[in-house]
Amino acid sequence: MMVGQAQAARLAPLLRTRAAVLAALALLTAFTVAGNHPARAADPPWADPKVYDAAKKEGALVVYSSVNEEEGLPIWKRFEEQTGIKVEYVRGSDSQLIGRMAIETRGGKAAWDLVLITAAHKVPPQLLAQIDPPEAQHLLPAAREAGKRLYGFSANYNVPAFNTNLVKRSELPQSWEELARRTEWAGRVVVNEYDSEWVTAILQHYGDAKGKELLRSFGSNLKPVIVNGHLAVARAVGAGEYAIALTNYVNLTLNVKLNGGATDYWAIDPVGVFYMQMAASAQAPHPNAARLAANFILSQEGQSLLAKRGRIPSRLDVETNPPGVLKALLEKKVVPILLDPDQEKKADATFKELIAGRVR
């Protein structure tokens, strides 16, 4: 039926009102679904819908972590803000957290959902859930464990560091052998009390005999000061107490640098690397929240939040802070290291005998 101009004019306001109502309903539908849950379009990009809904019903997450609170709390606050899931963050050393987990297991009730430490591989495998976070496919191969119980969420690369006020970059040696001959730095070099992964990388690269001779020369020629704690080493070099760190974790050197310390790293072949590991509890009180959080910390967003404070991401599509660090490290011969307790004890004994034991 044709509508005249006068009738059309009378209907126009009504049609506009109806159109506005329909548009508002469409907009509301885009943001909500039945039960007032967030619509799929509003979910975090790393959230699997089925796991996300189940995790929100659990409503809580317990994280055991050796990442310091200054770095860790903002990351998990972001998770809380995006999901509404309340996070309890328990910080401790690897040994403290593993001991706590063992006590809880003997008591018959695990209290943790997700653990982030360097030594999750020392936890009995039956206590760790087999999970397959979708974001894990983007990790570097060395960060993925075949059994799907462990995932590397942050990389510790072992390289030397220097104080930028005391040593010029142009003066830095380009091989471990050359570094060992720098007797003018004797007594101005510092190292952590143990560096089992670095020792293992040196021995694997040079062979047992030549590697041990090189380690021995570090102790005899450089006479490094032995300090307890890798962060203490990084801070001491950044403050100018020492000119050189014989070896340390790149992320800690960068952390001190980003906080104004006069320090930087340089890479020499080989570069040993081991990953801080994430695992979910096989007896998790909140198993779906654990899986959701695992995917979050491995996602671009989670990795970017870790990198903000100088940590080295486990995936290539996340830039380091400062930029280009991971690219520069991967241009060197990188030796992934994962030691069982016996291997670690053997490497520590070698360090004590050939380096710490040579200092007089």
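Is Gly99 buried, partly exposed or exposed?

**Figure 1. Gly99 in helix H4 of the predicted model.** In this predicted model, Gly99 belongs to helix H4, which spans residues 94–106. Gly99 is partly exposed, because its relative accessible area of 27% falls between the limits of 20% for buried and 50% for exposed. Along the sequence Gly99 and Val123 are 24 residues apart, and in space their C-alpha atoms are 9.7 Å apart.

**Figure 2. The whole protein, as context for the close-up views.** The protein contains 13 helices and 10 strands, and 48% of its 360 residues count as buried. Among contacts with a separation of 6 or more, 76% are made by residues 24 or more positions apart. The protein exposes about 17300 Å², of which carbon and sulfur atoms supply 54%.

Figure 3. Helix H6, residues 196–206, is mostly covered, with nine of its 11 residues buried. Those buried residues are Ser196, Glu197, Trp198, Val199, Thr200, Ala201, Ile202, Leu203 and Tyr206, a list that holds Glu197 as well as Trp198 and Ile202. Just after H6 comes Gly207, whose phi is positive, at about 90 degrees.

**Figure 4. The second largest pocket, with helix H6 in its lining.** This pocket has a volume of about 200 Å³, and H6, helix H7 (208–222) and helix H13 (341–354) are the elements that give two or more residues to its lining. The lining includes Val199, Thr200, Leu203 and Gln204, together with Asp208 and Lys212; Leu339, Gln343, Lys346, Ala347 and Thr350 also line the pocket. By residue class, the lining divides into four nonpolar, four polar and three charged residues. Val199, Thr200 and Leu203, named here as lining residues, are also among the buried residues of H6.

**Figure 5. The largest cavity and the residues around it.** The count of cavities of 30 Å³ or more comes to one, and about 50 Å³ of space lies in the largest cavity. Its lining is formed by Ser65, Val67, Gly72, Ile75, Trp76, Tyr89, Leu116, Phe153, Ile297 and Leu306, and helix H3 (residues 69–83) gives the most to it, with three residues. Eight of the lining residues are nonpolar and two are polar, while none is charged.

**Figure 6. The largest nonpolar core, viewed around Met278.** This core has 49 residues, and those with the most contacts inside it are Leu61, Trp76, Phe79, Tyr157, Val250 and Met278. Helix H10 (residues 287–298) supplies the largest share of the core, eight residues. When neighbours within four places in sequence are left aside, Met278 is in contact with Leu114, Val115, Leu116, Arg149, Leu150, Tyr151, Phe153, Ala294, Ile297 and Leu298. Another core, of 27 residues, lies apart from the largest one, and among its members are Val167, Leu203, Ala243 and Ile244. Trp76, listed here for its contacts inside the largest core, also lines the largest cavity.

**Figure 7. Pro336 and its partners from elsewhere in the chain.** Pro336 is found in strand S10, which covers residues 334–336. Ala142 is 194 residues away along the chain, yet the C-alpha atoms of Pro336 and Ala142 are separated by 6.8 Å. With neighbours within four places in sequence left aside, Pro336 is in contact with Ala142 and Val273.

Figure 8. Most peptide bonds are trans. Asp269 and Pro270 are joined by a cis peptide bond with omega of about -5 degrees, and Pro270 sits in the loop between strand S8 (263–265) and strand S9 (271–280). A cis peptide bond also joins Asn321 and Pro322, where omega is about 5 degrees; Pro322 lies in the loop between helix H11 (300–307) and helix H12 (325–330).

Figure 9. Most residues other than glycine have a negative phi. Lys148, although not a glycine, has a positive phi of about 60 degrees, and it lies in the loop between strand S3 (114–117) and strand S4 (151–163). Lys148 counts as partly exposed, at 37% relative accessibility. For Lys223, likewise not a glycine, phi is positive and near 45 degrees. The place of Lys223 is in the loop between H7 and strand S6 (225–227), where Lys223 is partly exposed with a relative accessible area of 35%.

Key:
Residues are numbered from 1 along each chain as its sequence is written. This is a predicted model: local features need pLDDT of at least 70, side-chain atom pairs count only at pLDDT 80 or more; totals for chains, interfaces and linings use all residues. Side-chain values use heavy atoms; hydrogens and water are left out. Helices (H or I, at least four residues) and strands (E, at least two) are DSSP runs, numbered from the N terminus. Buried means under 20% relative accessible area, exposed over 50%, partly exposed in between (1.4 Å probe, protein chains only). Contact means heavy atoms within 4.5 Å. Accessible areas come from the Shrake-Rupley method with a 1.4 Å probe; for residues, only the protein chains shown count as cover. On a 1 Å grid over the protein atoms alone, a cavity is a set of points where a 1.4 Å probe fits but cannot get out, and a pocket is an open set with protein on both sides within 12 Å along at least five of seven lines; lining residues have an atom within 4 Å of a point. Grid points are joined across faces, edges and corners, and a volume is the space filled by probe spheres set on the points. Ala, Val, Leu, Ile, Met, Phe, Trp, Tyr, Cys and Pro count as nonpolar, Asp, Glu, Lys and Arg as charged, and the others, Gly among them, as polar. A nonpolar core is a set of buried Ala, Val, Leu, Ile, Met, Phe, Trp, Tyr and Cys residues joined through side-chain atoms within 4.5 Å.
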